[in-house]
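Hi,

Here is the model I promised to pass on.

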Amino acid sequence: MSDLIVHHHLHRQRDFSERTFGPYSRPLRTEGVIDHIERELIEIKANPNDLEEWVDLMILACEGALSQGHSPEAIASAWEAKQTKNEGRTWPDWRAVEPGKAIEHDRTAEVLGRSAYP
C-alpha cells in the first residue's frame with residue numbers, strides 16, 4: 001500500500017471518528033478505544049479466520065494513536081519504521097518456540113546497552 005493511500009485513509013478515519021464519536025480531546029476517549037480493542041480480541045480468539053475482526057483491530061489501533069494526537073503521516077511513518085526495525089532484529093527459529101506463544105526477538109543487545117549505563 002502506498003504512503004498516499006495510508007495517509008488518505010487515516011485522514012478519512014480521523015474525520016469520520018471525530019464526527020461520529022466526538023473530539024479526541026474528550027475525556028476517557030482513549031479508554032473507550034482500549035475497551036473496544038479488548039472486546040475485538042475476544043472476537044478474534046473466537047474466530048481467528050474472520051478477516052473483518054482483524055481489520056477492526058487495525059482500525060482501533062490507528063484510532064488509539066490518533067486519539068493521542070499523532071497525525072496520519074506520523075502513524076504511517078512510525079508503522080514503516082517499526083517494520084524496518086523488526087526486520088533488522090535477530091529472531092529465534094520459529095520451530096524452536098512453543099506453539100501458541102509469542103515469538104520475541106533477541107534482546108541481548110538491549111540488555112547489554114542498558115547495563116553499560118547505570
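Accessible areas here come from the Shrake-Rupley method with a 1.4 Å probe, and for residues only the protein chains shown count as cover. On that basis the protein chain exposes about 9100 Å², with carbon and sulfur atoms supplying 60% of it.

Some housekeeping: this is a predicted model, so local features need pLDDT of at least 70 and side-chain atom pairs count only at pLDDT 80 or more, while totals for chains, interfaces and linings use all residues. Residues are numbered from 1 along each chain as its sequence is written, and side-chain values use heavy atoms, with hydrogens and water left out.

**Overall fold**

The secondary structure comes to five helices and zero strands (DSSP runs numbered from the N terminus: H or I of at least four residues for helices, E of at least two for strands). The radius of gyration is 18 Å, well over the 13 Å that the globule rule gives for 118 residues, so the chain is more spread out than a compact globule. That radius is taken over C-alpha atoms, and the rule is 2.2 Å times the number of residues to the power 0.38. Along the principal axes, the C-alpha atoms fill a box of roughly 45 × 40 × 30 Å.

Of the 118 residues, 20% count as buried (buried is under 20% relative accessible area, exposed over 50%, partly exposed in between, using a 1.4 Å probe and protein chains only). Taking contacts (heavy atoms within 4.5 Å) with a separation of 6 or more, 46% are between residues 24 or more positions apart.

**Salt bridges**

The count comes to four salt bridges, each a side-chain nitrogen of Lys or Arg within 4 Å of a carboxyl oxygen of Asp or Glu. One of them joins arginine 29 and glutamate 63, at 2.5 Å from N to O. This pair links distant parts of the chain, with arginine 29 in helix α2 and glutamate 63 in helix α3, 34 residues apart. Both residues are buried. Serine 17, in helix α1 (residues 3–21), has contacts that include Arg29 and Glu63. Serine 17 counts as buried because its relative accessibility is 2%.

Aspartate 35 and arginine 39 form another bridge, their closest N and O atoms being 2.4 Å apart. Both lie in helix α2, four residues apart, or about one turn of the helix. There is also arginine 95 with aspartate 93, at 3.0 Å from N to O. Arginine 95 counts as exposed, at 59% relative accessibility, whereas aspartate 93 is partly exposed at 37%.

**One to check**

**Nonpolar patch**

Leu51, Trp54, Val55, Met58, Ile59 and Trp79 make a nonpolar surface patch of about 600 Å². Patches are made of residues with over 30% relative accessible area and no salt bridge; like charges are joined within 9 Å, and nonpolar side chains (Val, Leu, Ile, Met, Phe, Trp, Tyr) within 5 Å. Helix α3 (residues 51–67) gives the most to the patch, with five residues. Tryptophan 79 is found in helix α4 (residues 72–88) and counts as partly exposed, at 48% relative accessibility.

Cheers

Methods: Lists of a residue's contacts leave out its neighbours within four places in sequence.
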